[in-house]
Each structure stands twice: as C-alpha cells, then as structure tokens.
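Trainee: Could you take me through one part of this structure slowly? I would like to see how a single piece sits among its neighbours.

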Amino acid sequence: MIAKLKSSYGSGIEPLTHLGQNYMVVDRSLIPEILQVLRDQEQFDYCVDITAVHYPKREKQFDVVWVLYSFARNQRIRVKTQIADGDSIASSVPLWATANWLEREVYDMFGIKFDGHPDLKRILLPDGWKGFPLRKDYGILQQDNEWVQINLGIESGQ
Amino acid sequence: MHAVVNYIQSYLDSNQTPGAAGNFFWATIYILLVFGGLSIAVIAMNWLERKILAHMQVRLGPMRVGPHGLLQPIADALKLLLKEDIIPAEADKTVFWVAPFIVVLAAFTVFVVVPFGPTHAITDMNIGILFMLGVSSLSVLGIVTAGWASNSHYPLIGALRSSAQMVSYEVAMGLAVVSVILMTSLNEASTGTLSMIGIVEAQQAQQQWFVFKFFPLGLIGFFIFAVAMVAETNRAPFDLPEAESELTAGFHTEYSGFRWSLFFLAEYSAMIAVSSIAVTLWLGGWLRPFPNALQGPTWDLVFSLIPGLTFLFLAGMTFYSTVRMPKHPLFRVQTIGLAGFGALLGVIGLILFIPGVRVRVQDIFWFSAKVAAFMYLYIWYRGTFPRYRFDQLMKVGWKVLLPTGLALLILTALVAMRSELLADVRGVWHP
Amino acid sequence: MTEPRSLSPLDLETPEQTFLDANELVINMGPQHPATHGVLRVILRLDGEKVMGLECVIGYLHRGVEKIAENRTYTMFNPYVDRMDYVAAVSNALGYCEAVEKLLSVEAPPRAQYIRVILTELNRMASHQLWLGTHALDIGAITPLFYTFRDREEILKIFEKYCGARLTTHAFRIGGLQYEAYEGFEKDVKNFVSFVKPKIDEYEELLTTNRIWLERTKGVGVISGKDCIALGVTGPVLRASGVQWDLRKAQPYANYKNFDFDIPTGQNGDTYDRYIVRMMEMRQSLRIIEQAVEGIPEGPIMAKVPKVMKPPVGEVYHSIEAPKGELGYFIVSDGSTQPYRIRVRPPSFVNLQALELMCRGQLVADVIAVIGTLDIVLGEVDR
C-alpha cells in the first residue's frame, strides 16, 4: 500500500516505521488528496484522532497528525504533515464526521485553522480565551499572574 | 358538665354525619380532626416512604434523628419552615404566591366527603363522588399556575406535561367511576347514588365489594382507576411533571422552603384522597372483610378486636427493636425514646379494646388500613418502575385506558340491565 | 462508506427571536443538572417536547492535562491519568504505562501482566456497574443504583487492599507494578466473582424484561454501525450497532490474547442493545478474571527500567479498550526526562459527538436516556 502511494506521489510522501508503527510524513499540499485516497481506496474508514505537536524552533512550527485505522485491514497508520504558524490546512470533516470536534480541539489548543470546517471555534476553553495553551511558547506563569492581577488586584499569586 | 357529656353522647348515638345533620359545632371538630389526622398521616407517610424505599434498596434510610429516624420528618418540616423563601425576581409574584395554596386547598377540600365510617364523615353530599372528582381536578390549576408563574423553562414544561397528563387520565378515571355508579343502582328501587356513603351502603346491601361485582368487570374498572389515580397524583411511574432527571424538579423547581412543603403536603394528601376514592368505590369503604360470609356476634367480636391487636403487634415490634438497640451509652436516649413510642402504641392498642371505643373505631380502622395498602403500593411502584416517556404516557391514557373504560361502561350497563331483568322475573333482589 | 452527515451547529444568534416568533423553545440543560453526569451543558432547541437540534458545550472541567504532562516527568505524570476517566482509573493507567513501556521498548513481566488484567477487568466491571446505576436512575428506576453501588463497593475494597486507594488508584507503574499482590488477593478476587455473578442476574431481573424499561430504551437513540464508524464512536456503543470490534481482540495488548472471551454485539444500535451489550460485557469480564486469577505465574513484578526515564527520541501511539471505548495515548519523546507532548484520545469526548445525531427528532426524556447510554465521564471529555 505504502509502495503504491509512494509510486504515485513520489517525493511528497515519506513512509517511516518507528517501534513497529507505520507513519508517513506527507507534504502539506498533498494532504487532502492522500487522506481521500486513504479513506476511499485503502479503507481507512475510522479516523481515530487528529492532533498536533508544536516545535517552536523549526521553520514550519507545527506537526499535524492524523491517526487512522482500517477495520478491514486491522491496521493503523499515522499521517503527519508540517505546517507553519498561520498556515491553514484542509478540514477532513467531509471525510470523517468525527473530525469536527477533534479539529476544533486542535484549533483551540494550537491555533491551527482548518479550511472548510463547518464551525471552527473553541471547544474546551471559553470563547474569550487568549492564546493557544498547548503551544510551547504559551506562558502559564504569565497567564496566572495576569488573572491574579485582574481578579484579585495583587501583584503576583506565585 | 353533665350537659356536655349528654351532648357528646347524643352525637355519638346519632346516625347522621354532622354536615348532613346541620351540626356546625361537630362539623368544625371533624374538620379539625381530619386536618390534623391528614397532617399526621402525611408525616408518617414521609417517614414510611423513606424507610420502605430504603429497605427495598438495601440501605437503612433515616437512622439518626430519633430512633430509626422516627423524628426525621419533624426535623425536615422544621428545616423547611426555617428555610429562606425565595421568589425569583422574574416570577409573577402574586400568582407564584397563590399557586401552592390552590393545590393544597384542592387536596384538602376533597376530604369533606370522604366517609371514614357510616357517620364518620364531615358531610354526606348526594353528589359526593362528583364533588370529589371535581375538586381534586382543580389542583391542576395550581400546578399550571405554579409552572407558569415561575417564568422559567423547566417549570413551564413540567406544568404543560402535568396539565395534559391530568386531563387525559381524568377521562378514564371518570369512566371507571361511572361503571361503579351503575352498579349502585341494582336494588329494588333501581336508584343509584353518587353519595360516597351511599356507595358503600350499596355494597353492603348487595353483600359484595364492587371490585368483585360482575367479575371481571369490577376488577377491570378498579384496575383502570388504580392506574389513572397514580397518574393523577403525578407519582412514579407517571411522575413526569416533576421528573427529576429530566426537568430537575418540574413545576416546583423554583419553589423552596414553606411553599415547596405545601406542594409536598398536597401531593401526599392527594394520594390519600384518591386512594380513599378507590377504597370507597371498590373495596367496601369502612366495611370489614367478609361482612356476609363470616357473620354473627362471634365474628363481629373477633374482627372488632383486630384494630387493638394490630397496635399491640406494632408495639411488640417496637419493643423487639428496643431490645435489639446497641447497648451503648450513646444510644440510651434513643432506646428510651423507642421504648416510649412502643408504650404509646401499646396504650393505643389497649384503648382500642374498650368495648365502647372498639365498636366505634373499627370502621375508621378498616378504612385506614385499606388506604394504607394503597400507600404501600405507591411506594412499591416508586421503588420498582422506571419512568414513562411523555408520548408513551399519553398512549397508555388515550389508547389503552380510555377504550377499555368505554367498553367496560357499556358492558357493565348491559350486564346490569340483564340482572335487573332477571331480578324482575324472579322477584328476588339477590346477586 | 456513506457520506458523513453534516453536523451543522445550532443557529443561536438570536435566541430571543427564535423564542418569540416561532413555537420553539431554547432550553439550557446543564451544566448544573441532575442527569448530565457532571458539568455537561446541552443547549436544546425544542418544539414542544421534540428536540429539533442541540449543541454540546463542554470544557467546564478542563484542567489542561496535556499541558501538565509537558511539565512533568514520565513517572510524575502517571497519577494524573487516573483523574481523566475517574471511574475507570485503572484502565487509564494501563494505557499510559503500556504506551511509555513501548516507547522505552520494555515489557512488563508476566506476573505483572496478569495482575494488571485482573485489576483492569475489575475496573471495567466497576465502571459498567456505575453506568448501569446512573443510567437506570436517569430513566427513573431508582433501585438499581443502590444494588450496583453495593456490589461496586466490593471491587473498590479489593483496590483499596491492593494499593490503598479506591478510586484514583495509581495501581500500575511504568514497567510493571509497584506492589506485590497482597496476601489473599486471589481468594478475594475469586470470592468476588462468585459473589457478583448472581448479582448481575439480579440487575437483569429488575430491568431486562421490565415493560417500561423496554419502552424507554427500545428504538431510542438509534445509531447505525456506519454512522458510528464515521463519528469515531467506539466501545460498547459501536458493538451494540453490530460492529464486532474490540481492541482486546483486534490488536491484543497486555496479555489478553491468552484469555478466552467473547465480544458481545447487538443489532439495532439502540439504547436497549447498548444496555444488553454492557451487561454481557460484565459477564465476559468475569470470565477473563476467572481465567487470569487461576493462571497468575510466579516471578518478578517489575521490569528493568531506569530510575530516571529518558525514552529515546521518537513517538508512539498506543490504545487500549477502556470501558468507554478506544483510549489512546500519543506520546512524543525528545529524549529528555519529560514527554515532549502527550495527546490523549479520550473515548468519551469522541462518543459525545454522536449525541446530536442520536437525539435529533427524539423527545427531551430521550436526550437524558442517550446521555446515559453513551456513558460519558466529563473528567475525560474535558480533561
């Protein structure tokens, strides 16, 4: 399967294995197509999870990760892509309905925008929240102090 | 002094209810007695429900306030009275204020015609049963106004559910009642009666409880009424208007403290009220079991001893648990309290053996015992059944109970006509 | 594969208008409500009693578990996972420990594996019992709650004897177990199994053939297998819709492949089938426990793991079959003592997404039944 994908997309795909788990790093532009192919032709009908990892020192700061599972093959695969801060990526809600909340959570925590998502807004945090907490450069201390200053009127709670 | 004794004596020998005799003094005394008795019954019911439900659910229930939690209802009542009475800012204050009183009034007024014995009723109206159904259905007004005045979503939905439910089930209930009224007309004069006392007397005359009359027609009617009355009082499994898991508390979500306790009081007295209708109409009211099969002075004596024996049995139970109380100084007060309670029950039991009291009280005892059986049923339902959904509730009301009720009425009429004809031919009025 | 249905959100821009000019009522169920199992808030749009649409508002219990993980060592984070699905803490710990073990390329010794399986299955029992009690309570049957809690207590007693805690147990360590099974552990477990078997029959007696229970659960909250897969719904909900999929069989972890058990499934995907599936799962759990307790081998309980854990650079996704569905951990290591990123794939969160599909067009009372049947734990939804 991987070989087939590799042959048709060439350098856009880099299939890898770590600790016996398959994953592939895919070019950002190929993501919608690859996901479509994986779902329709390779029977990865169950989107387990969508998440992201933040690498602030990299040029393309974010890894977006799809964990897919195929009931027919009993196989898992992870699809990874790298995107820069401010870039958006195609939403996979049309492919898997479950992506709705998962993408909202990624947006909530990392600020990654998904194009074509029906209702991209914060899910776990309140609507007026500032910043994206799971980014590595998000200052928890600073957030705490700010809250203390505004709500308790003292300089620092630490 | 002598005059007073004579006055009481003259009343005790009278064969009319105070209302029917136009005796306002005794009527007032009766009203106070019924009111007090009901309040005690509701308090007792509160304790019993919690205890019985608890034992059904493998737990102990209230155990802390007083021995076996006997004083818990009093503690609760005190708490409710002392609680802050909250009226929501957006509520319609007047209506909000009035609603619980409508419910309570409706629930209590019903007892004007409930016959605890041939003379033990506040009054005997010739339209007694009609009055009872009419007044008890007024309580829906209180519930709807309570839900509406709260100006909140859950109470509103609760009130809507409640009004739809009570109206639907009243129809089936009415049909079952009418079939009983048909049965009362089976006598030589062919005169039926709507009077509560008259209905019991008809059962006495026909020597049969109406639940067994025209078997199985009487039983079906009784069954319809027994289902409809649970729905009428908003109890499980028909407790949708106050469905806790859906509507938090239904129509009384916004009520607290004393006002809430009024709803509570009304609910329980309504339960007692509909149970007394069922007892009066189908289970022979105050009549003791087997009045015709086990006749004669010996049996009369035996049955008149049962009230006293029941209380002595309860006293015995209480003493048994007193002995079983933990022998620890901390429990001393509780043990003494329980023993005192047992002694009280025992004394009541002994008083009930006094011949003069025995004869006069046994009617009330049998009536209360039958009502108590219904009360136990209510608790049992609550411990056993899940809650119906609204559409299913309506389905049961309109598609099952109503057609059954109609068919029952027609069949009862036909069978009654046949037996009347037969009686005319034979010239004997005997079932 | 069907096209996933669009889950369009509610138009709540002008609730006042909606309320005034149409026969629709917008009602706010929760976050404080007796039947939302915590702090779930559901905004319902009602036409009479019929649900025209709903939107879940979650996050009231958000504690930032994933952010906490980035500031703790692997060992320090271990107790935190117990606090997600707090009624099935042992399962959470199993998933986390196995994921880190995978990252470290170590495996817990067999004795530890057996004890882990026993505790995890006991916890599945406890979780299902809690579900049954609360679900029945939501539907209006108050008695099963007390029966299930009485029996769940016995499980918690075993936990307490084993590790000192009842709910958030922190029973497992990365690489095996901290504590050896206590004296009489096997006897306790065996006693529990023989004690609880008739009790399950007792629950079923109360509900399975109860007319009102049948009416309230049959045909309520129906979801097809295809919709389940599209929505990522797993666990008993998926199995009740006819998909025979259980990670314990599909991709066996721990030593589940050594045990003989069945995967119960339903056909209709309604609330009643989910109830039946969970009841059967309890019996299967007992089967596994019986086999495991017979076969506990002797030996060490802890694999060789370094005191200071520094997993090699890399990432791993490991998932287990928690009582609620697939519980996954995606861990990224940068070679330091602290995880670079831990992502938890919570089954409750994903399952809750199906609520709208299952409730639309049903009545208010069914929403309560469906929330109960999805078996969500808000600690896990919000993390």
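This is a predicted model: local features need pLDDT of at least 70, side-chain atom pairs count only at pLDDT 80 or more; totals for chains, interfaces and linings use all residues.

Mentor: Happy to! Chain A has four helices and seven strands. Read from the N terminus, its elements follow the order α-β-β-α-β-β-β-β-α-β-α. Of the 158 residues in chain A, 37% are buried. If you take the contacts in chain A between residues at least 6 apart in sequence, 45% of them link residues at least 24 apart.

The piece I have picked is strand β7 of chain C, residues 325-333. This strand is mostly covered, with nine of its nine residues buried. To count as buried, a residue needs 20 or more other C-beta atoms within 10 Å of its own.

Let's meet the neighbours. Follow the chain from β6(C) into β7(C) and you pass through a hairpin of two residues. For one pair to find on your screen, look for C:Ser319, which lies opposite C:Gly328 of β7(C).

The next partner is strand β8 of chain C, residues 341-345. β7(C) and β8(C) are also antiparallel, and five bridges connect them. Here you can look for C:Phe330, whose bridge partner in β8(C) is C:Arg343.

As you trace the strands, keep one general point in mind: along a regular strand, side chains alternate between the two faces of the sheet.

Key
Residues are numbered from 1 along each chain as its sequence is written. Chains are lettered from A and ligands numbered from 1 in the order in which they are written. A residue is buried if 20 or more other C-beta atoms lie within 10 Å of its own, exposed if 12 or fewer, and partly exposed in between; C-beta atoms are placed from the backbone. Two strands pair if DSSP finds at least two bridges between them. Two residues are in contact if their C-beta atoms, placed from the backbone, lie within 7 Å.
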